[in-house]
Structures are given as structure tokens and as C-alpha cells.
Amino acid sequence: MTMQSVRTAGRIVLDVEIPARKPWSAIIRKGQTLRITDSHGQQAVDTLFYCAGDFGERYSGQDTLRAQGSAYVGLGTRIMSNEGRVMLRVTADSCGLHDTSAGACSCESNTVRFGHQTRYQHACRENFVIEAAKYGMSKRDIVPNLNFFMNVPIDPAGNFTVVDGVSKPGDAIELVAEMDVLCLISNCPQINNPCNGFFPTPVQVTIFEPEA
């Protein structure tokens, strides 16, 4: 199914390009739709959600996977909070492959995985910390995240690795908010593994308001 056949009708509230390697955030109100478009293809988009009224309630990968009985996020997935409530629902998806197991890159993990020469390369965890600070949150509030468009195969033994992404230019995912949510995004700056095709690129974020 293409995005064109399911594209949301409604008033555009916000339409922005997130530059390569950069963080971004916004509030998505209940009933609004968030669309994330992988403009150039093969770009991982690390994402966190918080209840806008109480940042202590936030995205839970464990509850999300338990609720749907799948290791991946896709069409129909209910994005769950740590309080067992539905935060958003995936209503359209032209890629079909989104990870919520591999977490976010950090300066520390880059050093362990790729060598000390990568220690000072910017990473998603640092992006999240920068963006969360705008809302009074700290490093302690950064929890395991979603990785839209990131390809992370899991073998029968439970081992996983990051491999080349399958998203094409223009692939997109849409989520409708079931509560007011704060969305934090790190447009992943990683250049040491293939999650971004070794070349980070911009992505587009659009928020729609339902037609009256």
C-alpha cells in the first residue's frame, strides 16, 4: 500500500525539515496526525514520546511490543506508555520496517563499538539530552527509543545487528495521537554503521489537524 492511497486529509499545522544529524521536538495534540517522511531513503529517525501533561509517562518499548506481540513497529501498532496507555497508533506506513530494540547511539557506545577516535562524534543520545532540556528534563528522562526506518534483523537466538535500511526516498509513517504527546526526534548522525547508509540526510515532519 502506498502512502498516496492512505495519505491523511486535513489542515497542515506544521511542516518542517529536520536537517541531517539534528534534534527536533514538538507537541502533537490528541487527534492530530504525525507524519515522518524519509526524504532521501535509508535514514534512521530516533524518536521518543512523552505524555505532554506528565513527562513521567513516556514511551515504553516493552509495553508496545507486548501489546502487539511483534518485535517490530508497523501499520496498526499501538504505541504504549509505561502506564499501559495508548499514546499513538500507526495508521499508515509505506516502509514496513521500524525498530524498537537497538536503542540510540551515544558517544560512549560509539567508543566501545567503533574505537576511541569516534568518542567526540555527535550521537542520538546527546541530541535527545539537548532537546529534552528545553522541557526541563535531563539525561535520566531519556528512555529506550523507537528507530523509525531502521533495519535491525533479530535471529532465533535473540541476537540483532544494524544492517542496510530498506526505506526508499519518500517512504513515510503516520501516527495519530491518542493523547497530547511531546515528540522528541534525533535525526540520527551515525556514520559508523549502515543505519543511515553511512551518509545522514534530512527528513520531513508534518503534523495534520483533522478536518472539522
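Ala102 sits in the loop that joins strand E9 (98–99) to helix H3 (107–114), where helices (H or I, at least four residues) and strands (E, at least two) are DSSP runs numbered from the N terminus. With a relative accessible area of 27%, Ala102 is partly exposed; buried means under 20% relative accessible area, exposed over 50%, and partly exposed in between (1.4 Å probe, protein chains only). Ala102 and Leu146 are 44 residues apart in sequence, and their C-alpha atoms are 8.5 Å apart in space. The model is a predicted one, in which local features need pLDDT of at least 70 and side-chain atom pairs count only at pLDDT 80 or more, while totals for chains, interfaces and linings use all residues. Residues are numbered from 1 along each chain as its sequence is written, and side-chain values use heavy atoms, with hydrogens and water left out.

**The open sheet**

- Six strands, in the order E1-E13-E3-E11-E8-E7, form an open sheet with antiparallel pairing, two strands being paired if DSSP finds at least two bridges between them.
- The edge strands are E1 and strand E7 (78–80), each of which pairs on one side only.
- From one strand to the next the twist averages 20°, with axes taken as lines fitted to C-alpha atoms (for helices over the stretch in contact) and angles running from 0 to 180 degrees between N-to-C directions.
- E7 and E8 run antiparallel and are joined by three bridges, and Met80 has Val86 in E8 as its bridge partner.

**Strand E13 and its partners**

- Five of the seven residues of E13 are buried, so this strand is largely enclosed by the rest of the structure.
- Strand E1 (residues 11–18) pairs with E13 in the antiparallel sense over seven bridges, and Ile18 stands opposite Val203 in E13.
- E3 and E13 also run antiparallel, joined by five bridges, and Ile36 has Val205 in E13 as its bridge partner.

**Nonpolar cores**

- A nonpolar core is a set of buried Ala, Val, Leu, Ile, Met, Phe, Trp, Tyr and Cys residues joined through side-chain atoms within 4.5 Å; the largest has 30 residues, and those with the most contacts inside it are Leu34, Phe49 and Phe148.
- Elements giving two or more residues to this core include strand E3 (33–38), strand E4 (45–51), strand E10 (146–148) and strand E13 (203–209).
- A second, separate core of nine residues includes Tyr50, Phe128, Met137 and Ile142.
- When neighbours within four places in sequence are left aside, the residues in contact with Leu34 (heavy atoms within 4.5 Å) include Phe49, Ile173, Cys183 and Val205.
- Cys183 is itself buried, at a relative accessible area of 0%.

**Helix H4 and the cysteines**

- The buried residues in H4 are Cys124, Asn127, Phe128, Glu131 and Ala132; they cover an arc of only 125° around the axis, which puts them on the same side of H4, the arc being that of the directions from the helix axis to the C-beta atoms.
- These buried residues of H4 pack against E2, E4 and E12.
- Glu131, which lies in helix H4 (residues 124–132), is buried at a relative accessible area of 4% and, leaving aside its neighbours within four places in sequence, is in contact with Pro23, Trp24, Ser25 and Leu184.
- The structure holds zero disulfides, a disulfide being a pair of cysteine sulfur atoms within 2.5 Å; Cys124 is in none, and the nearest cysteine sulfur, that of Cys188, is 3.6 Å away.
- Cys124 counts as buried, at 0% relative accessibility.
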